[in-house]
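I opened this notebook to keep track of what I looked up, entry by entry.

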Amino acid sequence: MKPATVRLYNTLSRRKEELRPLDDGVVTIYSCGPTVYRYAHVGNLRTFMLPDLLRRSLEYLGYRAEQVMNITDVGHLTDDTFDRGEDKMLVAARLEKKSPEEISAAYTEAFLDDLGKVNIRLAARYPRASDYVPRMVELIQQLIDSGHAYEVDGTVYYDIASFPAYGKLSRNSPEKLMTGVRGEPDPRKRHPGDFTLWKAAGENRLQVWPSPWGPGFPGWHIECSAMSMSIFGDRFDIHTGGADNVFPHHEAEIAQSEAVAGHPVVGLWMHGGLLMLSGTRMAKSAGNFFRVTELEEQGFDPLAFRYLALQAKYRAPLNFSIDGLAGADRALHQLRDRVREWSAESGSVDETWDARFRVAIADDLDMPRAMALVAELVHSDLQPGAKAATLLAWDRVLGLDLGRKEAARELPPGAGELLQARERARADRDFAKSDELRDRLAGLGVTVIDTPDGQHIKR
Ligand code: AMP
Ligand code: ZN
């Protein structure tokens, strides 16, 4: 079957465009991945959900997708911190008394676990920046040779004046690029907006590589040019990231990759909206974040976060709240209950409903519309078996584990009655009794957590 037409919003053109893969039927996707010096938070996970939804949707519509996600294990994050010489990987290594390799290995593992919790399927490959440093050095040398970069005292800068299209992704003018630079301009730069490709090692002794300009380490932006072009060559279909990656990270990537290739490398740029917490961006550095494991400890199903995220357009900012999550958790459990009931009857996927679902996901991954369709289907008079079959098919895209047998069915004998008794004790505000029942449940291996939304169980 010929894959359906898919339209996706391209950050570069500010329009929805028809996806036309370079290779018929296989879509190549490069996704900016995590920096692994700390745990990922659910804001990061929202950004990583974008390529997951993209792949699941494309596959549902008849494409094959090949996704690569990089792991940034060289800890230089932004030009800002970079120029202060602050290296987050090294800071973490010092604080935790471990080597940078141990730090990145531990947080990479935690990152992969977190992905699993929210049903983000694994990419085909996870290249690590530290494995591509020679390729970065090669690219930087090519940029110097072609007049796009210059070296001062062992540090190499990209000369943004050499690339007239600089600013085309973020629509930043040179004036705005100037004002975007904080603090004292670096006197060694020709233009305050020039960014660092290679940094002289200086005092650093860890994570240092040899180069034609002396020992040092690569800037953050060159990592993604090197990895994406090493793996996919000088053209691939889609590049994803979070909205905060548009500038400077992806603007710089375009300047580097296109200067070397001589033509656009990326077919379509997709950016996920930020996750906010009480009006400000959820951020590792600001410390205002939740890990998915924390939500789980509070008794929520990690997939409730996925459900919550699906209710917003991927490009829109989304405000995170525990109340919102509790609502999503409730709705998710109800939906699973219905699917379980309806699965008792046999039925097959309803083509008319499914056609509507396909239209929604093919229109720039319109998940809010897909979720509205889920609700409409639930309340429709379609035969129950067909409802279940249709929802389970859609779940290949939604990833909500709708076919899961709910925990209530898997409880050890006696636990169900204890839970009910505890529910009553809580309603009667008999806390001594409810504590006693909690201990008895713990004895059966059932951990109960109280939330504003009632008692949740964890096993
Ligand atoms: P980091 O590990 O800090 O490099 O972040 C990994 C990815 O998460 C990047 O692509 C960011 O764009 C994205 N990201 C960071 N903070 C948020 C947030 N609050 N909401 C959504 N995505 C975010
Ligand atoms: Zn990147």
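For the first entry I needed a cut-off: I take a polar contact to be a pair of N or O atoms within 3.5 Å. I also keep in mind throughout that this is a predicted model.

Entry on ligand 1. With that cut-off in hand, I looked up Asn245 and found one of its polar side-chain atoms 2.7 Å from an oxygen atom of ligand 1. The ligand taken alone exposes 490 Å², and I noted that the protein buries 92% of that.

Entry on the zinc ion. Which atoms coordinate ligand 2? I found SG of Cys32, SG of Cys224 and NE2 of His249, at 2.1 Å. Along the sequence I wrote the spacing of these donor residues as C-x191-C-x24-H. Cys32 sits in the loop between β3 (26–31) and α1, whereas Cys224 belongs to helix α7 (residues 220–232), so the pair ties together parts that are 192 residues apart in sequence. I also checked the accessibility of the two cysteines, and both Cys32 and Cys224 are buried.

Entry on His148. I located His148 in the loop between α5 (133–145) and β5 (149–152). Is His148 buried or exposed? Its relative accessibility is 13%, and because buried means under 20%, His148 counts as buried. Its side chain is joined to that of Ser162 by a polar contact of 2.7 Å. Setting aside residues up to four places away in sequence, I listed what His148 touches, namely Leu143, Tyr157, Tyr158, Asp159, Ser162 and Ala259.

Entry on Tyr9. This residue lies in strand β1 (residues 7–10), and at 17% relative accessibility Tyr9 counts as buried. I looked up the separation of the C-alpha atoms of Tyr9 and Leu268, which are 259 residues apart along the chain, and it is 8.0 Å. Beyond its neighbours within four places in sequence, the contacts of Tyr9 include Leu268, Trp269, Met270, Tyr314 and Asp364.

Entry on Ala362. I placed Ala362 in helix α12 (residues 351–362), where it is buried with a relative accessible area of 10%. Not counting residues up to four places away in sequence, Ala362 touches Thr5, Val6, Arg7 and Leu61.

Entry on the backbone. Most residues other than glycine have a negative phi, and most peptide bonds are trans. Against that background I noted the cis peptide bond that joins Phe247 and Pro248, with omega about 0°; Pro248 has its place in helix α8 (residues 246–261). Lys97 has a positive phi, near 50°, and lies in the loop between α3 (88–96) and α4 (100–117), where Lys97 is exposed with a relative accessible area of 75%. Arg429 also has a positive phi, near 60°; it is found in the loop between α16 (415–427) and α17 (431–443), and at 62% relative accessibility Arg429 counts as exposed.

How values were computed:
Residues are numbered from 1 along each chain as its sequence is written. Chains are lettered from A and ligands numbered from 1 in the order in which they are written. This is a predicted model: local features need pLDDT of at least 70, side-chain atom pairs count only at pLDDT 80 or more; totals for chains, interfaces and linings use all residues. Side-chain values use heavy atoms; hydrogens and water are left out. A polar contact is a pair of N or O atoms within 3.5 Å; within protein, one must be able to donate a hydrogen and the other to accept it, and residues adjacent in sequence count only if both atoms are side-chain atoms. Accessible areas come from the Shrake-Rupley method with a 1.4 Å probe; for residues, only the protein chains shown count as cover. Donors are N, O and S atoms within 2.8 Å of the metal (3.2 Å for Na, K and Ca); water is not among the atoms, so sites may look incomplete. Helices (H or I, at least four residues) and strands (E, at least two) are DSSP runs, numbered from the N terminus. Buried means under 20% relative accessible area, exposed over 50%, partly exposed in between (1.4 Å probe, protein chains only). Contact means heavy atoms within 4.5 Å.
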